[in-house]
Amino acid sequence: MKLWFTTKMTRIYRLELSRCNCYLITKDGCHILVDTGVLIDRKRLVKQLDKLGIHKLDAILITHVHTDHVENAEYFSKQYKAKVYVHPLEQEQLINGRCIMPNGTGLWTKLISGVLHKTKLYSSFTPVGNSEAYPLKEQKNITYATLKRKGEAKDLDLLVLETKGHTTGSVSVIVDHEVAIVGDAMVHSLVGSIYPPFGEDDTEILASWRKLLNTKCKVYCPAHGREVKRRLLWESLSVYKQKAEK
């Protein structure tokens, strides 16, 4: 479990699981979970929340509807009495418990993607009911516009950005204009490249990187791998922009 503090003393915990990182944003008794992991990681995630003394969530934010991000969404919604927020373009998938797998962006991932499309592996999960699933639009201040927690977490500043490319409804959560939780907009594994191995639109991926750089965040926290520093994102954008222009 890794912890970041913003200058406004908002805490961001990386809850490390086997398939994907989930993040907990917390300040002044307000607790927001970003993504929920897969079924086999449920107990591990609960244990980490218990360790932090979290037994109720104010909201669950979904960066995009893929099984490794939403398989526990229905469970945590009910157990922690929290609404689940997702981009309107993927709200129906969340409610139906079915997701659309993206294509691969490299040779091997294209082959893997072909297998996933044919077999429908990892494309289904426990649906989130209509009463728990809410649309999450770009540039909303989560605390006041969505949660309406007047008088609490006064300085908590959460903005939502559409960061399409991996999926059409992918979003990133910007915390205090300093830390971005980016889902699968980028990865940072041992391979070195931060380009997502799966995606629906290469042009949109690079556009989302530019959008994230425009936030002035210093740290970008992906769902897979370790954090990405601003300089690495800027250098990676330059490299892939040159490749796209050839």
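Colleague: Is Phe 5 buried, exposed or partly exposed?

Modeller: This is a predicted model, so read every value as computed from it. Burial is read from relative accessible area: under 20% is buried, over 50% is exposed, and partly exposed lies in between. Phe 5 has 46%, so Phe 5 is partly exposed. Its place is in strand S1, residues 2–5.

Colleague: Which residues make a nonpolar surface patch with Phe 5?

Modeller: Leu 3 and Met 9. Together with Phe 5 they make a patch of about 300 Å².

Colleague: Now the sheet. What is the strand order in the open sheet of five strands?

Modeller: Strands of a sheet pair through backbone hydrogen bonds, either parallel or antiparallel. Here the order is S9-S10-S11-S13-S14, and the pairing is mixed. Strand S9 (158–162) and strand S14 (228–229) stand at the edges. Each has a single partner strand, so one side of each is left without a neighbour in the sheet.

Colleague: In which sense do S10 and S11 pair, parallel or antiparallel?

Modeller: Antiparallel, over three bridges. S10 covers residues 171–175 and S11 covers residues 179–183. For a place to look, take Val 173: it stands opposite Ile 181 in S11.

Colleague: Which strands does helix H7 lie across?

Modeller: Helix H7, residues 202–213, lies across S9, S10, S11 and strand S13 (219–222). The helix runs at about 155° to S9.

Colleague: Where does Leu 237 lie, and what is it in contact with?

Modeller: Leu 237 lies in helix H8, residues 230–245. Its relative accessible area is 9%, so Leu 237 is buried. Set aside neighbours within four places in sequence, and Leu 237 is in contact with Leu 206, Trp 209, Arg 210 and Leu 213. Take Leu 213: it is 24 residues from Leu 237 in sequence, and the two are 9.6 Å apart in space, C-alpha to C-alpha.

Colleague: On to charges. How many salt bridges are there?

Modeller: Side chains of opposite charge can pair when their charged atoms come close. The cut-off used is a side-chain nitrogen of Lys or Arg within 4 Å of a carboxyl oxygen of Asp or Glu. The count by this rule is six.

Colleague: Which salt bridge ties together parts that are 54 residues apart in sequence?

Modeller: The one between Glu 132 and Lys 78, with the closest N and O atoms 3.9 Å apart. Glu 132 lies in the loop between helix H5 (107–119) and strand S8 (133–135), and Lys 78 lies in helix H3 (residues 73–79), so the pair ties those parts together. Glu 132 counts as buried at 18% relative accessibility. Lys 78 counts as partly exposed at 46%.

Colleague: Which residues of helix H8 lie four apart, about one turn of the helix?

Modeller: Arg 231 and Glu 235. Their side chains meet in a salt bridge at 3.0 Å, N to O. Arg 231 is exposed, at 62%. Glu 235 is partly exposed, at 32%.

Colleague: And which residues are linked in a network of salt bridges?

Modeller: Lys 2, Arg 14, Glu 16 and Glu 227. Arg 14 is buried, with a relative accessible area of 9%. Glu 16 is partly exposed, with 27%.

Conventions: Residues numbered from 1 in each chain as written. Predicted model: local features only at pLDDT ≥ 70, side-chain atom pairs only at ≥ 80, totals over all residues. Heavy atoms only, no water. Patch = residues over 30% accessible without salt bridge, like charges linked within 9 Å, V, L, I, M, F, W, Y side chains within 5 Å. Areas by Shrake-Rupley, 256 points an atom, 1.4 Å probe, with all protein chains shown as cover. Helix = DSSP H or I, 4+ residues; strand = E, 2+ residues; numbered from the N terminus. Buried < 20%, exposed > 50% of the residue type's maximum accessible area, 1.4 Å probe, protein only. Pairing = 2+ DSSP bridges. Contact = heavy atoms within 4.5 Å. Axes fitted to C-alpha atoms, helices over the stretch in contact; angles between N-to-C directions.
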